[in-house]
Each structure stands twice: as structure tokens, then as C-alpha cells.
Amino acid sequence: MIKLEDVSVKFGSEALFDDLSWTITSEPHRIGLVGPNGAGKTTLLKVISGRMTPDSGRVTREGVSVGYLEQDVQELPEERTVREEALRAFSDVLALEEKEEEITERLNETDPESSEHEKLIDKLGRIQETLNKQESHRIRSKTEAALTGLGFEPDELDRPLRTFSGGWRMRAALARLLLREPDVLLLDEPTNHLDIESIDWLEGYLEGYPGAVLLVSHDRYVLDRMVDTIAEITRGQLLHYDGNYSHYLEAREERYERWRREYENQQKRIEEIKEFISKFRYNASRASQVQSRIKKLERMDRIPPPPDDTPTISFRFPEPPRSGHVVMELSSFSKTYETETGPERVFTDAGPLTIERGDKIAMVGPNGAGKSTLARILRGVESFDGEREMGHKVELSFYAQHQADMLAPDQTVFDAVREVAPNRPRTELRNLLGTFLFTGEDAFKSVSVLSGGEKSRVALARTLLSTANFLILDEPTNHLDIQSKEVLIEALQQYEGTFVLVSHDRHVLDAVAEKVWRIGGGTVRTFLGNYSDFRWQVEEGSARPLEGTTAAAEAAPDDAPSRNGHDPADTDDENAASETVGPSDGRFADLNSYQLKQKLEETEEEIMEIEERQEELEAVMADPEAYEGGRARELSDEYNALKRELSSLYEDWEVLTEHVMALEGD
């Protein structure tokens, strides 16, 4: 249990928290910590974790371990590999394994008849018993599963961390924290550096997490799917709501409305009492009544004013000029990067693609699949094998985070946006900047002192003020809070032009997209509808074969080598992966015919072994005695694990069979 009692934190003369109290148990539950920017969410996590001492009050942690993932992880040792970093979660097990090896070596050098040999045998037995209890045989497979779930390729796990960008190092730190399984897990914006597939994996992992999870996120989709309780920071205190984020919004409105009515009724009553006191203060016959009312005012528990309504800030794009019916056409196209290790393919005979006036297209796919590469191809700044034709009267505007570095450092934030929209009203520009978290005097900060995230928001605001009729937006939702995203959603819904949007925010994609391009395996597939429609088609509908593809394995180098910081296309996108291309899935395309057939035989043998074990378990589970002594859960867990493993092997078998048949056909 973690207990905060009358905790106060001040920054200067301003109180962030004032006598805040909260009890967090280690029982499995998921808490979403929400509040406006600057409310103190990150500060509260630091106080809970012990990384920050409050100005007053007490924090006690009774018999619980706490794990904390910050927004920006500290520098990790660069020579440590990804696998080594994640395995640090099991440092106690690794230490015991080293001790086991040491004792084993000493046993080989000790006389079997000696008393020392007997002591070593006894010590080794105790160590092995401890290792068995801690399931040491599973730590490496669990580590690999966590890392691949977060997007790492199997052949990347033994690469040093220095060869990865900051976003990928964050994933390694997240894997280590998840594998450690602290009783209370504190996550500050954990999805910032994850693609949709990795976020899906994280959601599934946390669904069965054995402890408490306290999550700060600006991803509404995540808050709706992952949390069962919302804790809102308001006026330095916490308000608690059962349910997910959508339920919280409804319940908050009801609570605030009751709060408002109670406050207004009390204020009305106070005014009535004051009016009576003022009217009869000098009336001797009413003296006792006046004194009674004065005491009543002094004893009254004053209801504080409710939080101000969140200001409704709306923004509309300038009306764009009308373009021709066809906005852009790409012929069948291919793209290959030349790297130090040889050519790496991003697209192979993808397309053709046609963008028509009014299209609202979302590009999705795993990190490294080629989304940003295709965005640059559409923009006309990326060479490729194929043809690109712009439509009649098309005016294009492009947003990507690297544009933040092109802002004039000597400008203020306000001047930077006024530069692109000199005729828009000053109040409208200030409102837009407020939407992107530049309120009050922040609007007149110099660009030179802004953080990377702040510069990105300025660059996005400039893009939204464009009069272009074709927008290409590459990750515009990074660094935006939920309110800012809602403004962006409203603007894109009302936009009369055409846009292509790359984003990992599924709530945004659901709200604005009418067509989805799925990038992966060197191709582009088109789906009608929004993101949820696309997911249904993949999971339930005619596109189900897509679900069997491994996101990371079908990925090609999107902005390619940016995982290791070396991007031949001179982009700052942090995510890339190597690519293999096959008949319909790239997982085994780098194997020769002999290796493919051998892998197919091995997979078939594994399937047979697991099916036999499944049959054995089914026979055991059919016996009522199997459910005595608490074995039911153990049997069920093993059976479900076998089902998942078998499903994965079936998918591998289908892909391998397709590859072998293609080779035999050739």
C-alpha cells in the first residue's frame, strides 16, 4: 500500500498540491491520472515513486515495490545490448545463476569424498531450488517476448543500445520495467514512442498485470481501453471516478454541475444572510438574530468555487481553393535505400495509388514499414522508382516534426504563426496558440528557448493556418494533450480539402479518417472506413490474413536506418527496421529453399508435439479430481498458453508453406 497524507508541493509561491491525500493499493487495477497540462501529473508520480520529496506531508510505502517509467529515460549504458538491458529486470536471478556456475566449477575441482564437496552440493541444491521457484528457465523467453512485442526484431536484441535512437532505448527501458513486475507500476506517457501494434501489445500485457498500474497518457483510446478508474487532479486535489475516460467525461460533467448548483445555492444563502445582518445590525430588537447569523456564517463550511469550464476552443482551416478531381496519382512504385549492409527495400511494386478530392486518408502500419517514406514521396522530396503526378490546381502543405528545426530562432511564438497568416485576427491566432498550450505570456516566448516538443506544436499551428487544399500530416498528434487533439479533430472534420494523415493515435484516426492505407511488407493496401473499420476487416472480415503477419517482421526501413540514427533520407523519424519480402509475408524471405523446407519440418514437429500435449491436458481437465488442491488455474493457464503458441505456429506454417510452394512453382 502507498499512502499520501496531507502532501503539499509548491513551485515558488504557487501551490501545486495542497494537503493532498491518497491511498493506492497493490491490488490489480488500472488508474488513469488526468488533468490539464501543468496540473502536476508528472510531479505526483515522482512524489509517489520517492524521486521527489514533498514540501510537507508524508508518503509511506508499506511492503510494496514501485516501478516508474519517466517520459524521458536517463541515459542507458551505450555498450549494453537491448537484451542485457531488459534482462536487468531479473538481476537477482542472474546473480544466482552466476553463483550456480561458480559452485559447479568448484565442485569439479573438489574431492568428491571431502566435507567441502558435501557442503557445496548442499549449497548448490538450495540455489537451484530458489532458481526453480523463480522460474529462471523462463526469464530469457519472457524477455524476448516482451522486446519483440514492443517492436524489436529478434536479430536486434544483441545490438548495443548506442546503435538505437532515443525512442527505441525508451522501449528497452519499458521492457525491463514490465518484466520486473513491481507491485505498483507508474507509467508517464508510455505510448509516446510506440507504434499502434506495440501499443496493442502493451494493452494486452497490462490487461493481465498482477499489480496496480497508474498511467498518465494523452491517448484517449488507451485511457478508454486500459483503465478502470480515473483520478483527476483539479485545484491541487484529486477527484476519483469509476470507469474509463469516456465514462469519466460524463460523470465529471454531472459532478461539476452538482458542484456548481451547490456552490451557487450556498452563495445565494450567504448573500441573504449578509443582507439580513447589514439591514438589522443596528436594530436592538433583532440583535440576537443578527449575532446568530454572524456565528452561522463563521461556522459555515464554505464550498469552493467549481473549476472553470474548459474553454471551448474551435478552429477552422481557411477555406482552400478547389482542386481538380484527382489530387495526386502514383504509378506502381518501388523504393530501396542503400545502406552500409547493402540495399534495403521499403516498397516493391506497391500501388498504383490515386488520391481524389475530399479524400481523408490515414496511413497505418508498424514503425519502420514506410509510412514517413511514402509521405515524403507524396510530397515530392523523396526519390523512388515510379511516377508521381500532381493534379490540377493542387496546393500542397506538409507537416513533419523536423520542420520545427526550420523555425526562425529570433521570432516569438506569436510572430511565427502570424507570419503565415498575417490577415487572420489577432484573437484567433492567440486562441489557436492557446489550443497548442501557449497561453498568456508563453505566446511571446522566443522560439530559441522552446523545447523540441514546443517547437513541433508551433510548426503544426503554422501548418493549420495554411490555405493549401492538400495536407500531408506526419505524426501531428505528438506532443499534443487531449484537448489540443480534440481541436485538431474538429478542424480536420470540417476541412474541405484533402489530407493524408500519419498518426499512432487511434482515437484521432477513428474520428477523421474515411479511408486507410495499410503500409507493410513492401506494399500499400487500401481499406474503406476509419481505423476501427480497418481493424474489423483485419480481425473479422475479408482481410483476416493480415492479422497473421508479424508487424515488425514485415516492416521495411521507414526513414530507414533512423533506428540507429543514420538516415540516408535525412529525416529525424526515430523508427526503422530491416525488411524482407515474400509472397504475402516477409518473415522467412531471407531463407534459402533448403532452410525453408527444414524450418517447415521443424514447425510441423512442434505443432504435433503441442497438439499431443493439448490432448493430454484435455484428458486431465476432464477428470473432476484435477480441480482439487488449486490445480484448476494452473491447468487452465498452461492450456491457454498452448493455444496461443499453437495459433502462432499455424500462422508460421501457412507462411512457410506459401514460400515453399512459390519456390517449387519457380
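Axes are lines fitted to C-alpha atoms, for helices over the stretch in contact, and angles run from 0 to 180 degrees between N-to-C directions. Helices (H or I, at least four residues) and strands (E, at least two) are DSSP runs numbered from the N terminus. The model is predicted, with local features requiring pLDDT of at least 70 and side-chain atom pairs counted only at pLDDT 80 or more, while totals for chains, interfaces and linings use all residues. Residues are numbered from 1 along each chain as its sequence is written, and side-chain values use heavy atoms, with hydrogens and water left out.

The axes of helix 5 (residues 139-149) and helix 6 (residues 166-180) come within 9 Å and cross at roughly 135 degrees. That angle makes helix 5 oblique to helix 6; angles under 35 degrees count as roughly parallel, over 145 as roughly antiparallel, 65 to 115 as roughly perpendicular and the rest as oblique. The crossing of helix 5 past helix 6 is right-handed. A crossing is right-handed if the near helix is turned clockwise from the far one by less than a right angle, and left-handed if anticlockwise. Helix 5 contributes Lys142, Thr143, Ala146 and Leu147 to the contact, and helix 6 contributes Ala172, Ala175 and Leu179, contact meaning heavy atoms within 4.5 Å. By class, these residues are 5 nonpolar, 1 polar and 1 charged. Ala, Val, Leu, Ile, Met, Phe, Trp, Tyr, Cys and Pro count as nonpolar, Asp, Glu, Lys and Arg as charged, and the others, Gly among them, as polar.

Helix 6 also packs with helix 7 (residues 196-207), at an angle of about 15 degrees and with the axes 12 Å apart. These two helices are therefore roughly parallel, and their crossing is left-handed. Arg171, Leu174, Leu178 and Leu179 of helix 6 meet Ser198, Trp201, Leu202, Tyr205 and Leu206 of helix 7. The contact of helix 6 with helix 7 comprises 7 nonpolar, 1 polar and 1 charged residues.

Aromatic rings of Phe, Tyr and Trp (its six-membered ring) pair if their centres lie within 6.5 Å; planes under 30 degrees apart count as stacked, over 60 as edge-to-face and the rest as tilted. The count by this rule is 12 aromatic pairs. The ring centres of Phe152 and Phe164 are 5.6 Å apart and the planes stand at 75 degrees, so this pair is edge-to-face. Both Phe152 and Phe164 lie in the loop between helix 5 and helix 6, 12 residues apart.

An open sheet of 6 strands has the order 5-6-7-3-8-9, with mixed pairing; two strands pair if DSSP finds at least two bridges between them. Strand 5 (66-69) and strand 9 (237-242) are the edge strands, each pairing on one side only. On average, neighbouring strands of this sheet are turned by 20 degrees against each other, direction ignored. Within the sheet, strand 3 (residues 29-34) and strand 7 (residues 212-216) pair in the parallel sense over 4 bridges, with Ile31 opposite Leu214 of strand 7. Helix 1 (residues 41-49) packs on the sheet, its direction making about 150 degrees with that of strand 6 (184-188). Helix 9 (residues 245-280) packs on the sheet as well, touching strand 3, strand 8 and strand 9, at about 120 degrees to the direction of strand 9.

Another open sheet of 6 strands has the order 16-17-18-14-19-20, again with mixed pairing. Strand 16 (396-399) and strand 20 (523-528) stand at its edges with a single partner strand each, so one side of each is left without a neighbour in the sheet. Neighbouring strands are turned by 15 degrees against each other on average, direction ignored. Strand 14 (residues 360-364) runs parallel to strand 18 (residues 498-502), joined by 4 bridges, and Lys360 has Phe499 as its bridge partner in strand 18. Helix 14 (residues 452-464) packs on this sheet, touching strand 16 and strand 17 (470-474), with its direction at about 165 degrees to that of strand 16.

Strand 1 (residues 2-11) and strand 2 (residues 14-24) run antiparallel and are joined by 7 bridges. Asp19, in strand 2, has a positive phi of about 55 degrees although it is not a glycine.
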